Amino acid sequence: MKKVAPVLLFLFVFMSAGPLLAQDNLSPARKQAIDSLALEKVRDLSKYITIIGSKTTPWSEANRVIDRADELFMPGSQMGVSSLLHPKIQYYTVRKYFERLMRLNYNKVEIEWYKINYVSDLQRQPDGTYVGVITIFQKFKAYDKEGRLLYQDTTKKDITVYVKRKQTQIQGRMIGFWDVLLGDIRVKETSK
Amino acid sequence: MRKKTWTSATGVLMVVLFASLMMGGLTSCKSKKKLAREKAAAEYAARVEQAKKTLTAILDGTTGWTLDEQQKQFDTIKSYNIDDPQVKDLMAKVSEKLKGEQAEAARKAEEQRLRDQEAAKRKADMEKFKSLNDAFSQIAQSATYDGANQRIQQTLTLFSTPEVPVLIIIDQQQGFNDYDRPTTIGKFLNYLKDMRAYKFAVESVKKDAQGKITELELIKK
């Protein structure tokens, strides 16, 4: 009986954990939906950055968009900023970065993100959070009031994304949802 | 005396003739039965051979028949009750194959039925929620901030408050919804203005007694 007890205990623990393990294994279709959701959030950020940087965006709209863009990030996330004129990469909290972007001293600013792709797939962490890295290329162009191009560069950046299953109460019922939050955005390389 | 001899000779002749006729008839009957047996054996052998060919072709998937046609052929062969080990082995394998394919066909048919049902529901929903979907599309297509803001104000009158929750379905599997982080109608309409694209469809709405929307569920297209 003494020898059987540990085996029975193991079987009990294994069978109890079974359903939990099964829940952790997402079907390929669900995983793909979450992958797409995270990419979509980065594309949303790309649009927000274009709007914030644009000198044609009304002040009130730019401030509202800063709030929306800020909500995409984990608290305390930082954005790397590089320049061909300075060798050092500066890191700012994302809100500070957006506010600086809005106040850039040019007459016209164009920012475009492209080649938005996963560089590291979403991987499940022990706490249940899925973490991945998305890479983007940013084309930055700044013009003076005569429309002359004053500065331009292309920067490759890596964005860490965190996806976690959460629950919230909506009109008295619990709704499970996937919360996508962006983390630090790090500069990988800058070129002309 | 002569007459008596004649009579007995005729009798013997008659007996011999009768015996000959009987013998001949028996021999002919025996050979007919043998022929029939041989014919039946040949037919059985041909049937066994044909059964083997048909069953092998079904197993290899080279018949070009539909699943129903394959099943009919299988049932016909089964009705022959062929007592041949190779045929029996092939029949067991074909039976298993047909069962598997029928189950797969049934699963696919059910999936198709659900897809059709879903498409029909979506089409009906599109019609049902057309004015709401149109209002969202118009915000996304507005050329100016002022134009978009005006449409946002008009659209907000359909809702009980700008804080009405908006749930966005990112994936549906077996009747289970996966949602994005919930937002509010106020934020969602501004999101459409910023993204300049409406990539959703209204899935469901809840309304209060005044007919104002109190909850909106969208699905990603």
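**Exercise 1. What covers the buried residues of α4(A)?**

Work on the predicted model above. First find the buried residues of the helix, then look at what lies over them.

*Solution.* 
- Step 1. Locate the helix: α4 of chain A spans residues 94-102.
- Step 2. List its buried residues. They are A:Val94, A:Tyr97, A:Phe98 and A:Leu101.
- Step 3. Check their directions around the axis. These residues cover an arc of only 100 degrees, which puts them on the same side of α4(A).
- Step 4. Name the cover. It includes α2, α3, β1 (78-83) and β2 (86-93) of chain A.

**Exercise 2. Describe the largest nonpolar core and follow one of its residues.**

*Solution.* 
- Step 1. Give the count: the largest nonpolar core has 52 residues.
- Step 2. Pick out the residues with the most contacts inside this core. They are A:Ile34, A:Ala38, A:Ile52, A:Val163 and B:Val166.
- Step 3. Find the main contributor. Helix α2 (residues 28-53) of chain A gives the largest share, 10 residues.
- Step 4. Follow A:Ile52. Leave out residues up to four places away in sequence; A:Ile52 then touches A:Thr57, A:Ala62, A:Val65, A:Ile66, A:Ala69, A:Phe98, A:Leu101 and A:Met102.
- Step 5. Link back to Exercise 1. Two of those partners, A:Phe98 and A:Leu101, are buried residues of α4(A).
- Step 6. In soluble globular proteins, nonpolar side chains tend to be buried together.

**Exercise 3. Which elements give two or more residues to the side of chain A that touches chain B?**

*Solution.* 
- Step 1. Count both sides. Chain A brings 20 residues to the contact, and chain B brings 15 residues.
- Step 2. Name the elements on the side of chain A: α2, α3 (59-70), β5 (149-170) and β6 (173-191).
- Step 3. Find the largest share. It comes from α2(A), with 8 residues.
- Step 4. Sort the side of chain A by class. There are 11 nonpolar, 3 polar and 6 charged residues.

**Exercise 4. Decide how α4(B) and α6(B) are oriented to each other.**

*Solution.* 
- Step 1. Locate the helices in chain B: α4 covers residues 130-141 and α6 covers residues 185-195.
- Step 2. Take the geometry. Their axes come within 7 Å and cross at roughly 45 degrees.
- Step 3. Compare with the cut-offs. Angles under 35 degrees count as roughly parallel, and 65 to 115 as roughly perpendicular.
- Step 4. Conclude. α4(B) and α6(B) are therefore oblique to each other.
- Step 5. List the residues that meet. B:Phe136, B:Ile139 and B:Ala140 come from α4(B); B:Leu189, B:Leu192, B:Lys193 and B:Met195 come from α6(B).
- Step 6. Sort this contact by class: 6 nonpolar, no polar and 1 charged.

**Exercise 5. Is B:Lys206 buried, exposed or partly exposed?**

*Solution.* 
- Step 1. B:Lys206 lies in strand β4 (residues 200-207) of chain B.
- Step 2. Count and judge. B:Lys206 has 14 other C-beta atoms within 10 Å, so B:Lys206 is partly exposed.
- Step 3. Name its contacts. Beyond neighbours within four places in sequence, these are B:Ile213, B:Thr214 and B:Glu215.
- Step 4. Compare sequence with space. B:Lys206 and B:Leu216 are 10 residues apart in sequence and 6.6 Å apart in space, C-alpha to C-alpha.

Notes: Residues are numbered from 1 along each chain as its sequence is written. Chains are lettered from A and ligands numbered from 1 in the order in which they are written. This is a predicted model: local features need pLDDT of at least 70, side-chain atom pairs count only at pLDDT 80 or more; totals for chains, interfaces and linings use all residues. A nonpolar core is a set of buried Ala, Val, Leu, Ile, Met, Phe, Trp, Tyr and Cys residues joined through C-beta atoms within 7 Å. A residue is buried if 20 or more other C-beta atoms lie within 10 Å of its own, exposed if 12 or fewer, and partly exposed in between; C-beta atoms are placed from the backbone. Helices (H or I, at least four residues) and strands (E, at least two) are DSSP runs, numbered from the N terminus. Two residues are in contact if their C-beta atoms, placed from the backbone, lie within 7 Å. Ala, Val, Leu, Ile, Met, Phe, Trp, Tyr, Cys and Pro count as nonpolar, Asp, Glu, Lys and Arg as charged, and the others, Gly among them, as polar. The arc is that of the directions from the helix axis to the C-beta atoms. Axes are lines fitted to C-alpha atoms, for helices over the stretch in contact, and angles run from 0 to 180 degrees between N-to-C directions. Angles under 35 degrees count as roughly parallel, over 145 as roughly antiparallel, 65 to 115 as roughly perpendicular and the rest as oblique.
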